[in-house]
Amino acid sequence: MKLQDELPVDHRLATVYRIGAGLGGAFLVVFGILGLTGHPGFLSTDGDQVAGLSTNGALSLLSVVMGVVLIGGAVVGGNVASNVNMIVGVLFVLSGFYGLTVLGRPDANILNFRMSNILFAFIFGFVVLTFGMYGRVSSHLPLDNPYWQKRHREEQPLPSGPPAFVKILKPGPPNPIGR
């Protein structure tokens, strides 16, 4: 079974996916452009501060690219925006782990991550991931949710009417005690 088999094509949750992707992408593009205007070194480990986050040319360029990807997902909308949000969210969480591993090593910290960048990567990643998974992942989806309806389309509806008593037969030999 493929993931796309479980997804309805058009539904009202597409607006949530588009808003999440659009806002996140716009922030990343603005952050990246502001980081590039300071003319930092491409792999500098003592770059500028933009919006409380340290940056260099590589991180600014990567931010612009990821922002454009999110905005592209918002423009397309629907399940594409949801999938893009989830993928970008996971990538940001992974970049937070990357930042943790290179925090004390200036030779390996090519994206100039500081603790503020790591916290931002985790928080932004989980927020975008939540926007992508909104309405798709839950153990108690309501019956009018399009994902629940898509997954349970083949089920037969329960018969209406008064409840009936059903005798449950146990397989195997009869019980000699009579129970």
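Of the 179 residues of the chain, 39% count as buried. The model is a predicted one. The chain holds five helices and two strands, and from the N terminus on its elements follow the order α-β-β-α-α-α-α.

**Helix H2**

- Helix H2 covers residues 57–76, a run of 20 residues. From its first C-alpha to its last, H2 reaches 29 Å, close to the 28 Å expected at 1.5 Å a residue.
- At the start of H2, a side-chain oxygen of Asn56 comes to within 3.3 Å of the backbone nitrogen of Ala58.
- The buried residues in H2 are Gly57, Ala58, Leu59, Ser60, Ser63, Val64, Met66, Gly67, Leu70, Gly73 and Ala74.
- Gly77 follows H2, and its phi is positive, near 75°.

**The largest pocket**

- The largest pocket contains about 260 Å³ of space.
- The pocket is lined by 15 residues, and those closest to its centre are Leu59, Leu62, Phe92, Ser95 and Phe113.
- Helix H1 (14–37), H2, helix H3 (78–102) and helix H4 (115–133) are the elements that give two or more residues to this lining.
- With four residues, H2 gives the most to the lining of the largest pocket.
- By residue class, the lining of the largest pocket comprises twelve nonpolar residues, three polar ones and no charged ones.

**Aromatic pairs**

- Six aromatic pairs are present in the structure.
- In one of them, the rings of Phe97 and Phe122 have centres 5.0 Å apart and planes at 80°. An angle over 60 degrees counts as edge-to-face, so the pair of Phe97 and Phe122 belongs to that class.
- Because Phe97 lies in helix H3 and Phe122 in helix H4, this pair ties together parts that are 25 residues apart in sequence.
- Phe97 is partly exposed, with a relative accessible area of 45%, whereas Phe122, at 17% relative accessibility, counts as buried. The cut-off for a buried residue is under 20% relative accessible area.
- The rings of Tyr98 and Phe113 also form a pair: their centres are 5.7 Å apart and their planes stand at 70°, so this pair is edge-to-face.
- This pair links distant parts of the chain, with Tyr98 in helix H3 and Phe113 in the loop between H3 and H4, 15 residues apart.
- Tyr98 is partly exposed at a relative accessible area of 25%, while Phe113 is buried at 5%.
- One aromatic cluster is formed by Phe27, Phe92, Phe120 and Phe124.

**The loop between H3 and H4**

- Asn112 has its place in the loop between H3 and H4.
- The phi of Asn112 is near 55°, a positive value in a residue other than glycine.
- With a relative accessible area of 0%, Asn112 is buried.

**Helix H4**

- H4 has 19 residues, which should span 27 Å at 1.5 Å a residue. Its end C-alpha atoms are 27 Å apart, in agreement with that expectation.
- Asn117, Ile118, Ala121, Phe122, Phe124, Gly125, Val128, Leu129 and Gly132 are the buried residues of H4.
- Leu129, placed in helix H4, has a relative accessible area of 14% and is therefore buried.
- The C-alpha atoms of Leu129 and Val90 are separated by 6.8 Å, although these residues are 39 residues apart along the chain.
- Thr130 is also found in helix H4, and at 47% relative accessibility Thr130 counts as partly exposed.
- A polar atom of the side chain of Thr130 lies 2.7 Å from the backbone oxygen of Phe126.
- Between the C-alpha atoms of Thr130 and Ser82 the separation is 9.5 Å, with the two residues 48 residues apart along the chain.

Methods:
Residues are numbered from 1 along each chain as its sequence is written. Side-chain values use heavy atoms; hydrogens and water are left out. The expected span of a helix is 1.5 Å times one less than its number of residues. Buried means under 20% relative accessible area, exposed over 50%, partly exposed in between (1.4 Å probe, protein chains only). A polar contact is a pair of N or O atoms within 3.5 Å; within protein, one must be able to donate a hydrogen and the other to accept it, and residues adjacent in sequence count only if both atoms are side-chain atoms. On a 1 Å grid over the protein atoms alone, a cavity is a set of points where a 1.4 Å probe fits but cannot get out, and a pocket is an open set with protein on both sides within 12 Å along at least five of seven lines; lining residues have an atom within 4 Å of a point. Grid points are joined across faces, edges and corners, and a volume is the space filled by probe spheres set on the points. Ala, Val, Leu, Ile, Met, Phe, Trp, Tyr, Cys and Pro count as nonpolar, Asp, Glu, Lys and Arg as charged, and the others, Gly among them, as polar. Rings of Phe, Tyr and Trp (its six-membered ring) pair if their centres lie within 6.5 Å; planes under 30 degrees apart count as stacked, over 60 as edge-to-face and the rest as tilted.
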